[in-house]
Amino acid sequence: AAGVASAAATLAQRRIDVTALMMGWPAPLRQFCRLVLANIGTLVFVLVIAVFHTAMLEITWPSRSYLLGVAARLAIAWFVIVLLAGLIRNQFVYRMVAIFAWTIAALSILGLLQPTMAALDSVAVVLGGLRISPLLVIKTAVLLMLALWAASAAGDFLDKRVRSTAELTPSIQVLIGKVTRLLLITFAILITLSTVGIDLSALAFFSGAIGVGIGFGLQKIVSNLV
């Protein structure tokens, strides 16, 4: 199945001129078609495995084709996740989200998700009133990465809107853009910490120190702009 899928993907990528085929199409549709073509081998692999699995179910015991069913579900999960995560333009964030989501899907398909989460949560240290475990660190890192990406995308969009406003002076445009981006990033961090169950009161000391540092930094920025 892997050999057939690899040959089909190579043939399709050589024969199909993506640029000429999608000339004039909307940008999201072009991105989706590129992702489908880039992962056409996975789709062919799923189809071949599905045929083998169906044939084996008809002629022998279901247990003898169990691994084929697992392989098909893993390949389908990867194909769907890659298409959905492909909407993220940042390549680093896209790869991290795709790998993390597929890992979760693979553990779930194999029935190992709950034992893995329990094992990661069983090892923890307590700092003050905060319990830190590998599971909490992984969840926080992934959610924080997604939240910061969303905040950055929203900040870029709002910054373009502000810069297109002719009534504002360039210095005020820069100030509004920076303050808006800072507020969005702060909001994303607070939402992430609240989502993973971290008590924000346990971080009062650190947030106070960070607030003082940001205050001194913004004081210099605002004075320069004014």
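Arg 163 is partly exposed, with 46% relative accessible area; here buried denotes under 20% relative accessible area, exposed over 50%, and partly exposed the range in between, with a 1.4 Å probe and protein chains only. The structure is a predicted model, in which local features need pLDDT of at least 70 and side-chain atom pairs count only at pLDDT 80 or more, while totals for chains, interfaces and linings use all residues. Residues are numbered from 1 along each chain as its sequence is written, and side-chain values use heavy atoms, with hydrogens and water left out.

Arg 163 forms a salt bridge with Asp 159, with 2.9 Å between the closest N and O atoms. A salt bridge is defined as a side-chain nitrogen of Lys or Arg within 4 Å of a carboxyl oxygen of Asp or Glu. Side chains of opposite charge can pair when their charged atoms come close. Both Arg 163 and Asp 159 belong to helix H8, where they stand four residues apart, about one turn of the helix. Helices (H or I, at least four residues) and strands (E, at least two) are DSSP runs, numbered from the N terminus. Asp 159 counts as buried because its relative accessible area is 17%.

By this rule, the count comes to two salt bridges.

Leu 183 is located in helix H9 and counts as exposed because its relative accessibility is 56%. Trp 149 lies in helix H8 and is partly exposed at 31% relative accessibility. Trp 149 and Ile 191 are 42 residues apart in sequence, and 13 Å separates their C-alpha atoms.

Helix H8 (134–163) also contributes to a pocket: together with helix H6 (91–109) and helix H7 (113–122), each supplying at least two residues, helix H8 lines the second largest pocket. Rolling a probe the size of a water molecule over the atoms shows where empty space is left. A pocket is, on a 1 Å grid over the protein atoms alone, an open set of points where a 1.4 Å probe fits, with protein on both sides within 12 Å along at least five of seven lines; lining residues have an atom within 4 Å of a point. The volume of the second largest pocket is about 210 Å³, a volume being the space filled by probe spheres set on the points, which are joined across faces, edges and corners. The lining includes Phe 100, Ile 104, Leu 113, Met 117, Leu 135 and Lys 139. Its residues divide into eight nonpolar, two polar and one charged, where Ala, Val, Leu, Ile, Met, Phe, Trp, Tyr, Cys and Pro count as nonpolar, Asp, Glu, Lys and Arg as charged, and the others, Gly among them, as polar.

Other parts of the chain complete the description. Leu 29 lies in helix H3 (residues 27–38) and is partly exposed, with 38% relative accessibility. Arg 131 is placed in strand E2 (residues 130–132) and is partly exposed at 41% relative accessible area. Arg 131 and Ile 198 are 67 residues apart along the chain, and their C-alpha atoms are separated by 8.6 Å. Lys 220, in helix H10 (residues 204–225), is exposed at 56% relative accessibility. Between Lys 220 and Leu 43, 177 residues apart in sequence, the C-alpha to C-alpha distance is 55 Å.
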